[in-house]
Amino acid sequence: MSSGPMTGYDVGKQFSTSVGHVWHAPDSQIYPELRKMEAEGLLKGERIPWGNRGATKTEYTLTLAGEAALREWQAQPLSYVRDRNPARLKAAYFEWAPPGAAAIQLRAHAAHYQEQKVQAIQMIDELESRTNSTLARRLARFPGTDHERIVRFKIFAYQGTVAHAEQEIEWAERGLRLLDELGDLQQPDDNR
């Protein structure tokens with residue numbers, strides 16, 4: 001919304017191509033949240049034509065109260081909660097895994113975070129070259145003097161994603177080395 005008026009569909013699409021790499025929000029969460037924010041006066045909804053049969057959809061715009069709430073949210077320190085990490089939980093009980101299962105899980109973990117890293121690096125490239133469509137919309141709404149700050153903060157967020165992915169990949173690789181040291185690296189169909 002801070003980059004201009006959007007429908008719920010647009011928000012979902014933008015989410016998946018911008019902050020979706022740092023925060024997941026399914027459509028089932030987006031639409032109710034838009035209606036709630038509209039009811040709170042943070043967004044203004046306007047019915048606009050959609051399709052060729054007289055249908056309409058709601059396009060939302062950030063209100064002044066919404067901008068103020070966004071600024072207030074940014075000013076508040078983050079409240080941290082205890083981490084619930086399913087990969088760490090499973091690793092704590094790998095001794096119960098059948099032969100090779102822990103290795104399969106660690107390789108899948110590394111592959112998942114490798115993909116996250118690749119996506120974040122692609123986003124950084126788009127931000128640096130300013131070819132990202134969401135970024136272009138946002139920059140169009142702000143004076144040129146603000147553009148460098150906007151771009152660099154976005155890049156900073158994705159650099160955090162890259163660093164986190166690299167840490168997770170290294171953790172999985174350490175786990176694979178541990179399994180090798182313990183003689184637990186065999187595949188499920190290997191003979192013991």
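Reader: What is the bridge partner of methionine 6 in S3?
Author: Tyrosine 60. This is a predicted model.

Reader: What makes S1 and S3 a pair?
Author: Two bridges join them, and they run antiparallel. The cut-off is at least two bridges, so S1 and S3 count as paired.

Reader: How do you know that S2 and S3 pair?
Author: Eight bridges link S2 to S3 (residues 55-62), in the antiparallel sense. At least two are required, so this pair qualifies. Leucine 43 has leucine 62 as its bridge partner in S3. Glutamate 46 stands opposite glutamate 59 of S3.

Reader: What lies between S2 and S3 in the hairpin?
Author: Four residues. Glycine 51 is in the turn, with a positive phi of about 75°.

Reader: Why are S1 and S2 placed at the edges?
Author: The order is S1-S3-S2 in an open sheet of three strands. S1 (6-7) and S2 (43-50) each have a single partner strand, so one side of each lacks a neighbour in the sheet.

Reader: Why is tryptophan 96 called exposed?
Author: Its relative accessibility is 71%. Exposed means over 50%, so tryptophan 96 counts as exposed. Tryptophan 96 sits in the loop between H4 (86-91) and H5 (101-129). Together with Leu89 and Tyr93, Trp96 makes a nonpolar surface patch of about 440 Å².

Notes
Residues are numbered from 1 along each chain as its sequence is written. This is a predicted model: local features need pLDDT of at least 70, side-chain atom pairs count only at pLDDT 80 or more; totals for chains, interfaces and linings use all residues. Side-chain values use heavy atoms; hydrogens and water are left out. Patches are made of residues with over 30% relative accessible area and no salt bridge: like charges are joined within 9 Å, nonpolar side chains (Val, Leu, Ile, Met, Phe, Trp, Tyr) within 5 Å. Accessible areas come from the Shrake-Rupley method with a 1.4 Å probe; for residues, only the protein chains shown count as cover. A salt bridge is a side-chain nitrogen of Lys or Arg within 4 Å of a carboxyl oxygen of Asp or Glu. Buried means under 20% relative accessible area, exposed over 50%, partly exposed in between (1.4 Å probe, protein chains only).
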